[in-house]
Amino acid sequence: MKSNIIQGVCLVLLTLAGVGIALGGSGYYAQTLFTIALYIVLALGWNIISGIAGYVSFGQVGFFGFGAYAAALAMIHLEVEWYLAAPLAAGASALLALVLGGIMLRLNGIFFALGMFGLARILQITASSLSITGGPMGTTVLPAESPNESALIMVLVAAGAILIVHALSRSRLGLRLMATRDDDLAAQSSGVNTFRAKLRALCLSAAFGGVGGALYVWNIGYLDPNSAFNGNIELQTVLMVLAGGIGTVWGPVIGGILISLIGTFLWARFPTEQQVILGALTIFIAVVMPGGLTAFFEKLGWWRRQPIWSPPPAASLKPAPSPRTGAAADEHSVALSCRGLGIRFGGVTAVDDVDLEARSGEMLAIIGPNGAGKSTLFSLMSNYLTGSGATRFGERDIHGLKPYALAQMGLARTFQSSRLFPSLTVWETVLVAASSGRVPRQTAIHITTELLRETGLLDHWSEQPDTLPPGLQRLLEIARALALRPKVLLLDEAMAGMTLHEIEQVHAALRRAMSGGCAIVAIEHVLPAIVDLASRAQVLDFGRIIASGTPHEVLRNPEVISAYMGADYEGGTQ
Amino acid sequence: MWITIINLLLLGLLWGGVYLLMATGLNLIYGVMKVVNLAHGDMIIVGGLLAFTLFSAHGISPIIAFPLAAALLFVIGVVVQFVILERIPVKGSLGELRTLLATFGLSYVIANTSFLIWGSQFQSLPFLQGSVQLGRIALPQALVAASVLAFCAALVLHLWLTYTMLGKSVRATAQSGLGAACCGLNSRLIRVITFGVGAALAGAAGSLVITLIPFQTTASGELTIQAFTIIALGGLGNYMGALIAAEILGIVEVFTQYYLGSNPASAAIYVIFIAVLIFRPQGLFGKVGRV
């Protein structure tokens with residue numbers, strides 16, 4: 001609350017200062033102000049896709065130029081005013097992003113960054129080859145009446161942009177984007193449609209670029225391919241976000257103001273060396289202070305990101321009825337059944353013709369030595385891998401369904417090695433799963449609070465996962481999976497490396513889930529960890545089921561003993 | 001008709017050799033450090049402009065400028081790796097982002113420093129302007145010379161990597177940095193040398209290319225993309241793949257230029273680049289190239 005008030009006051013003060021300069025300042029001041037506000041909008045836009053969503057782009061200037069041309073053409077040929085041309089340009093850029101994003105977002109890392117760079121260059125070449133855009137000589141439009149007018153509008157747009165990004169950072173989409181940035185696969189397993197989230201982020205950031213381009217062309221009344229797709233705009237935008245703090249709301253604003261002022265100063269004093277100095281500054285920041293100024297403030301304890309949708313204060317917590325309805329289907333009905341699952345990697349048959357059934361309210365243990373194919377079997381069951389055979393979830397054949405869709409339907413899984421989201425808090429980690437799909441906000445908050453309390457993690461709700469001891473990290477992962485309110489839960493060696501106390505906590509959480517009707521399939525190396533919970537066990541060796549029955553029967557099976565101990569083990573069962 | 005096509009094919013193959021040298025440095029650096037040097041194109045241009053100055057001011061032939069440019073860029077590369085990139089941990093997503101941004105900034109520093117030295121106009125180096133006649137087929141002498149030199153340089157690099165102890169150490173570090181370090185190799189030194197050699201190859205390529213096409217300090221982005229397209233198409237870190245990719249690119253570019261003109265030819269490289277990313281992200285011969 002307090003942080004929101006401070007941020008609000010900052011925004012109002014900045015906007016008032018901007019409006020004051022725009023109305024009362026000379027033309028020179030107004031132009032400088034216009035540039036700063038324009039760069040703030042561009043930096044906020046770049047930060048959405050590259051900072052919050054984690055897809056670094058070196059072609060964001062493409063959306064700026066595309067928006068500028070869209071606005072110029074609309075003003076010339078449709079004879080619309082700037083206030084119509086700007087939203088049109090935003091829409092045009094967002095539409096372009098929608099089309100391109102469908103293809104480009106399948107790439108990642110350097111491939112995405114350079115692919116976007118290439119697209120911006122293609123747009124530039126196109127703009128200088130077409131006659132409608134005026135070719136290489138460019139085109140003119142009716143400019144703003146005075147620099148003060150355009151500066152005023154730009155300041156208001158920038159304030160609006162800050163508000164939008166602030167809202168985004170507090171929203172479900174923002175949460176999903178940060179989770180996706182941290183670990184795409186874990187986000188999918190938490191029920192996040194990561195591709196759609198990224199596509200939305202790209203469209204939004206393109207719209208920011210488009211508005212910036214439209215107001216830019218309206219401000220100077222002239223546009224040519226070289227200035228519309230100017231690489232220096234890209235450099236400055238990237239530098240601003242880096243300097244201020246990538247992935248934050250205020251970083252691009254602070255960086256935008258700071259770098260614009262430095263850029264303007266350098267331009268006045270060292271016009272020819274300006275680019276060299278800005279480039280060197282980029283290197284310096286990348287090497288020495290990658291988190292920018294906000295990371296520096298964070299270190300000093302002046303600032304810290306507020307978790308999204310914090311838990312209700314302890315007093316108002318009432319032990320409400322369990323939200324886990326619907327899952328309480330008939331006792332011991334088949335929740336998940338697999339027939340003939342198999343997959344080959346080259347000449348290795350990792351999983352071979354495996355049948356299994358998971359029943360509501362029961363635990364099925366899958367045990368087997370190292371390399372038996374247990375984790376691969378899980379990946380087949382939850383569609384992370386595609387092999388042969390069929391899996392039915394309830395009444396439904398899940399063939400071809402995406403992992404995030406399965407997670408939303410109630411097929412949850414954990415991973416053998418912890419896959420938590422390093423930049424999210426404990427609270428947010430569980431909330432990602434609890435708020436997946438269309439779960440209402442209050443329900444999601446309720447589920448998350450309850451789960452954290454049950455697992456004893458509520459005291460740590462505002463901490464980062466990497467500050468927790470390993471056992472609590474695994475517990476957190478289980479809590480995240482349970483937040484999907486699963487009908488079936490696949491646990492992949494969830495209890496490895498836990499203390500006895502932690503195992504008890506996990507057992508309690510699993511018992512609660514099972515009493516609510518959840519079916520659990522647990523992979524374990526060491527049977528004693530789950531022997532009390534499991535009602536049935538199946539043993540996997542070299543990809544095949546070699547024994548099934550109750551856990552105690554299975555342990556006495558000679559084939560199982562030879563698989564674990566070697567064929568000539570004569571020790572028998574103790 | 002057929003003569004034209006054969007002529008264009010030969011031109012394309014010769015250009016392919018030049019493109020290969022332009023891409024080899026990037027490939028080497030990527031192979032060892034998994035870093036894409038976004039300043040690669042700028043390094044090529046610096047090498048070319050150095051050859052230009054040596055030729056126009058002192059009358060030194062590009063054949064001599066070729067090793068000099070390589071030496072200068074080797075020093076620059078060593079300094080860059082030692083002062084900048086060694087300080088950024090490559091692990092994790094933020095590490096990748098930081099190296100990208102650092103070389104992105106470096107690209108601006110180099111481009112604009114050379115802008116301060118050489119100005120913004122196109123510079124060209126007229127050298128060996130005759131043509132080699134093979135029956136009715138005419139090939140520019142400069143292109144033939146540049147291509148032969150480029151192939152030689154690529155061959156020397158290949159021999160260095162395959163048969164010398166240092167070259168083997170570089171390859172070991174490329175395949176597993178940790179494993180190489182466990183065998184007692186000084187991986188930091190190897191990274192510094194690798195970056196130096198990669199930059200030297202860029203400089204050497206530049207001193208050849210400027211005899212073929214005029215250079216401008218701001219045109220580096222296209223060269224970087226061109227080099228990256230070749231190594232992405234060939235499969236990142238795959239030298240044989242890069243050779244074939246460079247030849248394909250050379251032929252495609254010569255034909256587009258001849259039949260469609262220069263604007264489509266400069267767009268062609270980006271179109272191929274994006275098509276490669278979409279349809280063959282693992283390259284023609286490599287594993288999936290995910291950095």
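## Model and conventions

This is a predicted model: local features need pLDDT of at least 70, side-chain atom pairs count only at pLDDT 80 or more, and totals for chains, interfaces and linings use all residues. Residues are numbered from 1 along each chain as its sequence is written, while chains are lettered from A and ligands numbered from 1 in the order in which they are written.

## Chain A overall

Chain A holds 22 helices and 12 strands. Both are DSSP runs, numbered from the N terminus: helices are H or I with at least four residues, strands are E with at least two. Along the principal axes, the C-alpha atoms of chain A fill a box of roughly 90 × 55 × 45 Å.

Chain A has 574 residues, and 52% of them count as buried. A residue is buried if 20 or more other C-beta atoms lie within 10 Å of its own, exposed if 12 or fewer, and partly exposed in between; C-beta atoms are placed from the backbone. Take the contacts in chain A between residues at least 6 apart in sequence: 75% join residues at least 24 apart. Contact means that the two C-beta atoms, placed from the backbone, lie within 7 Å.

## Two domains

Chain A is divided into domain 1 (31-300) and domain 2 (334-565). These bounds come from an automatic or database domain assignment. The C-alpha centres of the two domains lie 42 Å apart. Their contact takes 17 residues from domain 1 of chain A and 19 residues from domain 2 of chain A.

On the domain 1 side, α7 (172-182) and α8 (184-189) of chain A are the elements that give two or more residues. The largest share, six residues, comes from α7(A). By class, this side has seven nonpolar, six polar and four charged residues. Here Ala, Val, Leu, Ile, Met, Phe, Trp, Tyr, Cys and Pro count as nonpolar, Asp, Glu, Lys and Arg as charged, and the others, Gly among them, as polar.

## An open sheet

Four strands of chain A form an open sheet in the order β4-β3-β6-β7, with antiparallel pairing. Strands pair if DSSP finds at least two bridges between them. The edge strands are β4 (348-359) and β7 (396-397) of chain A, and each pairs on one side only.

Strand β3 (residues 334-345) of chain A and β4(A) pair over eight bridges. A:Ile343 has A:Val351, in β4(A), as its bridge partner.

## Chain A against chain B

The contact takes 35 residues from chain A and 35 residues from chain B. On the chain A side, α5 (110-129), α11 (231-244) and α13 (274-288) are the elements that give two or more residues. The largest share, 12 residues, comes from α5(A). This side divides into 22 nonpolar, 11 polar and two charged residues.

## Nonpolar core

The largest nonpolar core has 290 residues. Such a core is a set of buried Ala, Val, Leu, Ile, Met, Phe, Trp, Tyr and Cys residues joined through C-beta atoms within 7 Å. A:Val41, A:Ala71, A:Ala522 and B:Leu21 have the most contacts inside the core. Helix α2 (residues 27-52) of chain A gives the largest share, 16 residues. The core draws at least three residues from each domain of chain A.

Leaving aside neighbours within four places in sequence, A:Ala522 is in contact with A:Met363, A:Ala365, A:Ile366, A:Leu491, A:Ala494, A:Ile530 and A:Ala534.
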